[in-house]
Amino acid sequence: MDQKPFPAPIEPAVLVLGTAQLGMAYGIANRTGAPSPADAETLLGRALELGIHEFDTARAYGESEARIGAYLPSSAEAKVVTKLAPLDELALDAPATAVTAAVRASVDASLAALRRPCLDVLLLPRTRHLRLHNGAVWDTLLKLQEEGRISILGASVQTPEELRLALSYRAVRHIQLPLNLLDWRWRDPAIQSLFAARDDVVFHARSIFLQGLLASGEPRIWPQAPGLNVPGLIDALAALAETLGRESTTDLCIAYARAMPFLHGVVTGAETVAQLTANVALAHKAPLDADETHFVERFLPRVPESLLNPALWQLAKAA
């Protein structure tokens, strides 16, 4: 299937609505739980009214895909990025036939839930699936793309090492990565060169609030991390926002992420219409400039890598 290359970003990254909250109680700072079907419809409709045209979901996000399919028109004005099921039920030595069947079942379920003949973008939720099962997962997705059931393929990465792996596959045309003003891992010049080398790839950032921690102002909900002074860090973020003329830490987080020159989109979730409207208003403000971005990066401490990966929070709590 022929695909036109995506241009490198020439404008600040646009806001993409993350919809995990539509299908389940998501995020360590979640206060309202999953919305009702009526509230989900209202939220999606308001997003379109506010000029949001890209939506991020996943097969694993509960009712999220189904609610998007029910309430968003299947048209060019609503582009949906979804993710393959985690495939946890497959043993490491599962035969290729079982892997192929599981991948096709996940794609078929997403197509049915989203009520679309073709998925706009499908991401691997785990980069290891590029190689797992002797590449059978990826090979099946390439076949489904040839069949016209998937338009664009990509991967959701967690670390710079996973980014390198994903970008080594030329068919990967969309990358989602965690990025926020505490996440120092993406600032290495060698990593920055990876973004520049693949101007045919769309890059979206998720976790710009670190699952809500950065915008919460509540030390008690933060996971434990060695040597981390959480109240001091919260105060430092508030001081930074004030110094840079931002109205809140939330404003600072959005302005920082949208300033990244390699990003096309910034994924933010919303539990309520009020929260969505506030985030859109902040996204209409100018992002940080280069000097402000560097100031933020120099001012904030280098946090433990375990804080940057929510998958490790429960492990740290158990330990």
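Two strands count as paired if DSSP finds at least two bridges between them, and the strands here are DSSP runs of E covering at least two residues, while helices are runs of H or I with at least four, both numbered from the N terminus. With that in hand, look at β3: D56 has V81 in β3 as its bridge partner. This is a predicted model, where local features need pLDDT of at least 70, side-chain atom pairs count only at pLDDT 80 or more, and totals for chains, interfaces and linings use all residues. Residues are numbered from 1 along each chain as its sequence is written, and side-chain values use heavy atoms, leaving out hydrogens and water.

Back to the strands. β2 (residues 54–56) and β3 (residues 79–83) run parallel and are joined by three bridges, with F55 standing opposite V80. On to β4: three bridges link β3 to β4, again in parallel, and K83 has L123 in β4 as its bridge partner.

How well covered is β3? Mostly: four of its five residues are buried, meaning under 20% relative accessible area with a 1.4 Å probe and protein chains only, where exposed is over 50% and partly exposed lies in between.

Now zoom out. Eight strands close into a barrel with parallel pairing, in the order β1-β2-β3-β4-β5-β6-β7-β8. In β6 (residues 172–178) you'll find R173, which counts as buried because its relative accessibility is 9%.
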